[in-house]
Amino acid sequence: MLKNILLSGLLCTFLSAQSFDDFLQEAVVYSPYLHASSLNLEQAEQEGSALRRYSNPSLELEYSNFSPEIGESDNGYRVNVSQAIRLWGVGSDKDKLSIFMSESAKANFLSKKAMFTRDISLAFTLYSQKKMLLDLGNEELQIAKTIHNISKARYETGTISRGIMLQAQVAYKLIEISNNTLSLLSEQSYYQLLKFAGINEQRELETPYVFNVVPSKGDNPEILKLEALGKKALAEAQVNSNAVEWVNLFGEFESEPEQDVARIGLNIPLAIFNSKSQERIISSLEAKKSELLVINENTKLSIERKKLDSQREQLEVLKSQNENILSTEEELLGMFQEGYKIANIKLLELQDIKNKMIETKENLIQIQTSLDQNTIYINYLQGTYND
């Protein structure tokens with residue numbers, strides 16, 4: 001008995017539908033695309049470490065043979081060790097650049113993650129829409145079946161002609177065919193969603209899911225990315241302001257037949273032909289470009305937000321209007337079905353009110369999809385998906 005209860009519990013767990021929140025979290029955690037993008041974070045850290053590292057010391061070994069015109073020949077040697085020494089201030093500039101390289105990589109990853117969350121949410125709204133339309137198609141099929149059954153009963157009692165009965169039958173069959181198409185479209189959007197999420201295994205998803213605007217203290221991911229690029233460019237300009245970054249400290253010992261010589265000194269590069277002026281200008285221009293792009297992006301986002309807010313208000317009005325119409329149409333449909341049973345209503349009148357009710361419900365599904373997509377875009381714009 002206990003074994004059967006456990007098996008039943010496991011089966012229910014396996015068959016239970018997955019919420020969109022859980023599906024999204026799974027997609028974010030296991031997405032190969034995001035995993036590949038996250039490698040840029042480690043890459044930026046390694047590049048920063050490579051930027052800060054010291055050069056290797058160098059060693060010179062030299063052997064000499066002295067052959068005087070008179071006397072015996074003799075041997076000598078020379079050993080030279082040199083090490084590049086970073087000048088004061090250069091190290092801190094490179095440390096800052098390394099930090100901004102990592103921050104830029106992080107901002108770029110968060111931007112990709114936010115776009116991934118936005119796009120997979122939009123893909124889910126399309127799947128949910130197709131699923132709701134299929135459910136509505138099944139509802140319409142049941143209504144058409146009821147009308148067809150009433151027509152058959154009236155034909156058998158002789159209150160309507162065979163032609164009218166066949167019209168009801170054809171309408172029923174056409175809806176059945178339409179539902180097969182809706183089923184195919186729903187399946188296609190389902191697999192498209194799994195493909196985008198990078199999930200191989202099939203699972204049942206809960207629908208519908210209503211998206212809500214979530215307040216965010218963050219900023220738009222594109223803005224954050226551009227700002228990070230600007231800071232990185234300024235740090236590069238600061239590094240390039242050091243025309244000379246290194247001096248070479250060397251020590252040398254030379255042994256000759258008649259004397260030993262020890263030397264120590266500095267090899268100082270002279271910034272005459274290469275002062276990195278072009279690199280400084282390029283980095284400064286890149287920083288200025290990022291600054292201007294941030295201004296441009298903020299302007300675009302402001303206009304886009306106004307558009308989305310206006311669209312949302314209109315959609316809410318349309319939703320309310322269609323819901324009011326739907327309640328009347330549902331009442332009429334019930335009355336017309338009863339009237340058709342007792343021959344007070346014609347088939348065409350009944351079919352017409354049924355079609356109008358289905359059309360209103362289709363409009364509501366479309367409006368809800370548009371509202372959900374509007375919500376997703378608002379959440380993306382205001383940085384809700386940055387976490």
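A nonpolar core is a set of buried Ala, Val, Leu, Ile, Met, Phe, Trp, Tyr and Cys residues joined through side-chain atoms within 4.5 Å. Buried means under 20% relative accessible area, exposed over 50%, and partly exposed in between, with a 1.4 Å probe and protein chains only. This is a predicted model, in which local features need pLDDT of at least 70 and side-chain atom pairs count only at pLDDT 80 or more, while totals for chains, interfaces and linings use all residues. Residues are numbered from 1 along each chain as its sequence is written, and side-chain values use heavy atoms, leaving out hydrogens and water.

**Nonpolar cores**

- The largest nonpolar core has 31 residues. Phe23, Ile120, Phe124, Leu193 and Leu205 have the most contacts inside it.
- Two or more residues each come from helix H2 (20-30), H4, helix H5 (162-197), helix H6 (221-240), helix H7 (277-341) and helix H8 (347-381). Helices (H or I, at least four residues) and strands (E, at least two) are DSSP runs, numbered from the N terminus.
- H4 gives the largest share of this core, eight residues.
- In soluble globular proteins, nonpolar side chains tend to be buried together.
- Phe124 is in contact (heavy atoms within 4.5 Å) with Phe20, Leu193, Leu205, Glu206, Thr207, Tyr209 and Phe211, leaving aside neighbours within four places in sequence.

**Helix packing around H4**

- Axes are lines fitted to C-alpha atoms, for helices over the stretch in contact, and angles run from 0 to 180 degrees between N-to-C directions. Angles under 35 degrees count as roughly parallel, over 145 as roughly antiparallel, 65 to 115 as roughly perpendicular and the rest as oblique.
- Helix H3 (residues 32-52) packs on helix H4 (residues 90-157) at about 175 degrees, with axes 8 Å apart. H3 and H4 are therefore roughly antiparallel. Their contact holds ten nonpolar, seven polar and eight charged residues.
- For these classes, Ala, Val, Leu, Ile, Met, Phe, Trp, Tyr, Cys and Pro count as nonpolar, Asp, Glu, Lys and Arg as charged, and the others, Gly among them, as polar.
- H4 and H5 cross at roughly 165 degrees, and their axes come within 8 Å. That makes H4 roughly antiparallel to H5. Their contact divides into 22 nonpolar, nine polar and eight charged residues.
- The axes of H2 and H4 come within 11 Å and cross at roughly 140 degrees. H2 and H4 are therefore oblique to each other.
- From H2, Phe20, Phe23, Leu24, Ala27 and Val28 meet Lys113, Phe116, Thr117, Ile120, Ser121 and Phe124 of H4. By class, the contact of H2 with H4 has eight nonpolar, two polar and one charged residues.

**Local backbone features**

- Thr207 and Pro208 are joined by a cis peptide bond, with omega about -5 degrees. Pro208 sits in the loop between H5 and H6.
- Lys276 is not a glycine, yet has a positive phi of about 60 degrees. Lys276 is in the loop between strand E4 (260-267) and H7. Its relative accessible area is 17%, so Lys276 is buried.

**Asn248**

- Asn248 lies in strand E3 (residues 246-255). At 29% relative accessibility, Asn248 counts as partly exposed.
- Asn248 and Ile85 are 163 residues apart in sequence, but 5.9 Å apart in space, C-alpha to C-alpha.
- Leaving aside neighbours within four places in sequence, Asn248 is in contact with Gln83, Ala84, Gly265, Leu266 and Asn267.
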